[in-house]
Amino acid sequence: MQSESRVDPRIIEEILKFSKNVIDAPKLVSAPDEINLEVTPHDVVQEIDKTRLLRYRPQTDKQHKTPLLISYALINRFHILDIHPQKSWVRSLLEQGFDVYMLDWGTPTDMDKYLDFDDYVNGYLDSCVEHVKNESSTEQITLQGYCTGATLATAYASLHPENVQNFIATAPVIDGWRDTTVISNLAKHVDVDKMVGTIGNMPPEFMYYCFSVLKPFEQGIEKYVNFFKNIDNPKFVDSFLRVEKWLGDTPPIPGELFRQWIRDIYQKNLLIQNQMRVGDSLVDLKKIDMPIFTQVAVGDHLVSPECSMPLHYAVGSQDKTLRVYPTGHVGMIASSISQKRVLPELGQWLAKRSK
């Protein structure tokens with residue numbers, strides 16, 4: 001006689017618990033858009049078109065004289081740098097005595113589809129730098145850029161080095177041909193002229209599609225399975241919903257800026273070759289001669305390390321530091337590793353180079 005096969009009772013128990021969690025979810029958790037991110041107090045000190053310049057209120061009695069301006073990415077919102085009081089990039093810098101500003105690019109509309117690199121670098125970013133200089137009575141600032149915002153900041157540091165005392169490049173998009181991510185591979189083969197001519201601004205739906213193909217199983221199934229498994233863990237649920245709120249809020253990208261980005265950085269790879277033009281000027285990375293700190297994540301699936309690290313070797317600065325961290329694109333700026341290692345190292349480096 002054949003022995004009767006039996007299902008492990010523990011598996012049945014797990015399935016029943018998981019099913020109950022799925023059913024009870026609407027009663028146990030809020031929707032992502034109902035989450036209060038508890039952002040660090042700040043004031044809007046300048047508005048130009050859709051952009052806003054934020055100044056965070058100090059957390060210490062004494063501050064370093066040199067102010068810090070963060071050029072956030074063009075994708076999603078700046079909230080990821082202030083996602084939770086205990087994981088906030090902004091709050092950590094404030095607590096280390098830095099005067100922190102943030103450039104919020106806002107939400108472009110159809111009338112903004114002709115804005116390009118020149119408008120963003122020599123227009124909006126330059127205007128913010130000048131405002132920060134005037135407000136803090138300094139001749140130079142510390143400029144930090146994150147992701148695509150770091151690419152814009154890199155162009156700015158090259159074209160206006162006289163305004164930048166220190167430059168921090170966090171996961172910058174620099175060498176498009178060395179970028180091995182899915183986004184890069186898509187960008188290298190897209191007919192960007194036809195796309196922009198047909199659509200205009202790149203809509204949020206296109207950004208969501210790009211994110212979904214990066215890690216389809218992890219983004220489409222696995223993260224929700226983990227969510228329902230841990231629905232009775234308040235810390236896990238809170239962190240999950242905060243990130244989901246951030247992921248679900250991304251603005252369009254102006255069509256002309258998107259065209260130049262895809263063509264010059266990913267397809268022709270002009271930036272790392274010092275052949276990219278912004279307005280009437282050539283971006284020469286050798287003109288970045290101020291102290292520079294480049295931060296790269298080993299597990300970055302949005303901007304591969306090979307894409308970011310060439311900046312360290314291409315600049316003209318003699319005072320340059322490269323750090324590679326065992327985390328991912330978001331983990332580098334919003335995680336326990338960020339708080340325990342990335343930010344303390346950055347703060348120590350910056351304090352020595354700030355007035």
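Biologist: How many disulfides does the structure hold?

Modeller: The structure holds zero. This is a predicted model, in which local features need pLDDT of at least 70 and side-chain atom pairs count only at pLDDT 80 or more, while totals for chains, interfaces and linings use all residues. Residues are numbered from 1 along each chain as its sequence is written, and side-chain values use heavy atoms, with hydrogens and water left out.

Biologist: Is Cys-147 buried or exposed, and how do you know?

Modeller: Buried means under 20% relative accessible area, exposed over 50%, and partly exposed in between (1.4 Å probe, protein chains only). Cys-147 has 9% relative accessibility, so it counts as buried. Cys-128, at 2%, is therefore buried too. Over the protein, buried residues make up 53% of the 355 residues.

Biologist: How many helices and strands does the protein have, and what makes a run a strand?

Modeller: There are 13 helices and 10 strands. Both are DSSP runs, numbered from the N terminus: a helix is H or I over at least four residues, and a strand is E over at least two.

Biologist: What makes strand 6 a mostly covered strand?

Modeller: Strand 6 spans residues 164-170, and seven of its seven residues are buried.

Biologist: How do you know that strand 5 and strand 6 pair, and in which sense do they run?

Modeller: Two strands pair if DSSP finds at least two bridges between them. Strand 5 (residues 141-146) is joined to strand 6 by six bridges, so the two count as paired, and they run parallel. Tyr-146 has Thr-170 of strand 6 as its bridge partner. From strand 5 the chain passes through helix 4 (residues 148-159) to strand 6, in a right-handed β-α-β crossover. That term applies if, with the strands pointing away from the viewer, the path from the first strand over the helix to the second runs clockwise.

Biologist: What joins strand 6 to strand 9?

Modeller: Four bridges join strand 6 to strand 9 (residues 292-297), and these two run parallel. Ala-169 has Thr-294 of strand 9 as its bridge partner.

Biologist: Which residues have the most contacts inside the largest nonpolar core?

Modeller: They are Leu-69 and Phe-167, in a core of 90 residues. Helix 3 (residues 117-136) gives the most to this core, with eight residues. A nonpolar core is a set of buried Ala, Val, Leu, Ile, Met, Phe, Trp, Tyr and Cys residues joined through side-chain atoms within 4.5 Å. In soluble globular proteins, nonpolar side chains tend to be buried together.

Biologist: Which residues is Phe-167 in contact with, apart from its neighbours within four places in sequence?

Modeller: Contact means heavy atoms within 4.5 Å. Among the partners of Phe-167 are Leu-143, Ala-150, Ala-157, Ile-292, Phe-293, Leu-311 and Trp-349. For the protein, residues 24 or more positions apart account for 79% of the contacts with a separation of 6 or more.

Biologist: What makes Asn-274 partly exposed?

Modeller: Its relative accessibility is 23%, which falls between 20% and 50%, so Asn-274 counts as partly exposed. Asn-274 belongs to the loop between helix 10 (255-267) and strand 7 (277-278). Phi of Asn-274 is also positive, near 60°.

Biologist: In which sense do strand 1 and strand 2 pair, and over how many bridges?

Modeller: Strand 1 and strand 2 (residues 51-56) pair in the antiparallel sense over six bridges. Glu-47 is opposite Arg-52 in strand 2. The hairpin of these strands has two residues between them, and Asp-49 takes a positive phi near 50° there.

Biologist: Why is Met-111 called exposed?

Modeller: Its relative accessibility is 68%, over the 50% limit, so Met-111 counts as exposed. Met-111 is placed in the loop between strand 4 (100-104) and helix 3. Its C-alpha atom is 9.8 Å from that of Gly-200, a residue 89 residues apart from it along the chain.

Technical notes
Disulfide = S-S within 2.5 Å.
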